[in-house]
Amino acid sequence: MIQGIDYAAIAPPLIVVLAAIALLLADAFDVPRRVLGAVSGGALAAALIAVVALASGGRRATFCLPGGLRGNGPASCSYVADDFTLLFQGVVLAAAVVVVLLSLREIADARMPAGEYHFLLLAAITGALVLVAARDLILLVVALETLSLPVFALVALRRYDGVASEAAVKLFLVSVVSAAIMLFGISMVYGATGAMHLDRIAPALQRLPDHLSPVAGVGVVLVLAGFAFKVAAVPFHFWAPDVYQGAPLPVAAFLSVVSKAAGFAGLTIVLALGFPAYGHVWGPVVAVLAAVTMTLGNLLALRQRTAIRLLAWSSIAQSGYMLAPLAVGPRRLPEAVAATIAYVALYAVMNLGAFAVVIGYGARGKRFAALDDFRGLARTRPAAGAALAFFLICLAGLPPGVMGLFAKVVVFRATVAGGVTWLAVVMAVNTVIGLYYYLAWAARLFAAPAERPSAPVLAEPGPAVRAAVAATAAGALVLTVAPQLVLQAVTAAS
């Protein structure tokens, strides 16, 4: 059987992967570093334009098998470019453009090979773009590993750096274990249902014989555990702080925003489209994961004294908030999915903005900027200090960071409406805990600058970093004015 390919549907990942190959070849001919960066950013912008063009054309699908379960139903497709897919692809590509801008100075300062860096980054982005469009378990795993494998090399690309090498090894080992767990779970689901496409798995699970129900239940939990590694949910989180600290800072931003957004997209696709019949199994598991993740993440964030590790632990806590709506299980599932997607989209802007300021204005010559290094930033560099304070307030969920408050209200409402009231109480307590460390860092920005001989000298960002900070700040301001636009978009997409 020969399958037709809709090249328009796969245009965004196709543009990115062709650019990745071109960059790798260009690096062999000693093309200047700035040209490579421009090509990388331009390819991502072109892919983003392709996403916008697809959004006006309706649903498209490719790599389809004819016939349903009995050979007379609709086709089952492996790659679907619907509203959900295009929304997440837009978020991934917009964040990736900012990551490329943040990477230009890091590549020069750390003397990393520019061609290899951009090739690996675009390869990982390709995996993220395919992951959010995958509608069968095989393509999901392939896309997830395409996202993960290049990141190992990106983390270790700062050669002769023991901290980076250690972080890469930790990430590699954890990712291999998570992939093995997920593949084992997928094999059990396939053994019970005889299907790989999500639209065939869902009805098969509904009429599964009793003797196969435990097998499918264990498979569902193992697949969930595999995704829990990718989104750094407790107890599968232990790689995140060390990897964020050891990786080049733009790579840490990529892991915190792009990789996490793609991971949550894959998780919601699998749970909502493939496993709704087993919501009574994965719903309580997700509820426990969410409660433990947000609690441990916030408590350990309180103890951090460096910016990157605080952002790492707060990112883990934010994963708990994103998981919370999915704890409702099959009850009000569309509303829960919309709440999770909205939070992911708003979180991407908030966290990427905080990373952009830390990368651009961190203390010169210091890899691990302390929170006190940013003391007085709002006085010496008012725009940067105000931007970082605004992003932190958004993450805390306080006015005037309306989009952060809106995001938390959305997940609270979805959790309470789904009947998981105890989890909403845990979220409320953790929100109060999160207020302390976000506001403590924000208060340092407006304090008097440190007056000591060892006071750090803040870096002077280049035009690319300024553009990245300005872009994230502009996006945050737009979403602060009208955050309900995100909820309306994701409600329609889900």
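Select Glu166 and Lys170 to start: four residues apart in helix H6 (residues 162–193), they are separated by about one helical turn. Helices here are DSSP runs of H or I with at least four residues, strands are E runs of at least two, and both are numbered from the N terminus.

Before moving on, a word on the model: it is predicted, so local features need pLDDT of at least 70 and side-chain atom pairs count only at pLDDT 80 or more, while totals for chains, interfaces and linings use all residues. Residues are numbered from 1 along each chain as its sequence is written, and side-chain values use heavy atoms, with hydrogens and water left out.

**Stop 1: the pair in H6**

Show the side chains of your selection. Lys170 and Glu166 meet in a salt bridge, at 3.1 Å from N to O. The term stands for a side-chain nitrogen of Lys or Arg within 4 Å of a carboxyl oxygen of Asp or Glu. As background, side chains of opposite charge can pair when their charged atoms come close.

Now color by accessibility. Lys170 is partly exposed, at a relative accessible area of 27%, and Glu166 is partly exposed too, at 45%. On this scale, buried means under 20% relative accessible area, exposed means over 50%, and partly exposed is in between (1.4 Å probe, protein chains only).

**Stop 2**

Arg309 counts as buried at 19% relative accessibility, whereas Asp242 counts as partly exposed at 28%.

Keep both pairs on screen: Glu166, Lys170, Asp242 and Arg309 are linked in a network of salt bridges.

**Stop 3: a loop held to H17**

Which residue forms a salt bridge with Asp372? Select Arg444 to see the partner, with the closest N and O atoms 2.7 Å apart. Asp372 lies in the loop between helix H13 (333–361) and helix H14 (377–380) and Arg444 in helix H17 (residues 421–446), so the pair ties together parts that are 72 residues apart in sequence. Asp372 is partly exposed, with 33% relative accessible area.

**Stop 4: the disulfide**

Select Cys64 and Cys77. Their sulfur atoms are 1.9 Å apart and form a disulfide, a term for a pair of cysteine sulfur atoms within 2.5 Å. A whole-structure search finds one disulfide. The link joins distant parts of the chain: Cys64 is in strand E1 (residues 60–65) and Cys77 in strand E2 (residues 76–81), 13 residues apart. The torsion about the S-S bond is about 100 degrees, so the disulfide is right-handed. Cys64 is partly exposed at 22% relative accessible area, but Cys77 counts as buried at 10%. For another cysteine, jump to Cys394, which is buried at 0%.

**Stop 5: backbone details**

Go back to strand E1 and pick Phe63. Phe63 is not a glycine, yet its phi is positive, at about 55 degrees. Phe63 is partly exposed, at 27% relative accessible area.

Then move to the loop between H8 and H9 and select Ala232. Ala232 also has a positive phi, near 60 degrees, in a residue other than glycine. Is Ala232 buried or exposed? Ala232 is buried, with a relative accessible area of 1%.

Pro235 is in the loop between helix H8 (213–230) and H9. The peptide bond from Val234 to Pro235 is cis, with omega near 10 degrees.

**Stop 6: two helices side by side**

Finish with helix H2 (residues 33–55) and helix H4 (residues 114–131), whose axes come within 9 Å and cross at roughly 10 degrees. Axes are lines fitted to C-alpha atoms, for helices over the stretch in contact, with angles from 0 to 180 degrees between N-to-C directions. H2 and H4 are therefore roughly parallel to each other; angles under 35 degrees count as roughly parallel, over 145 as roughly antiparallel, 65 to 115 as roughly perpendicular and the rest as oblique.
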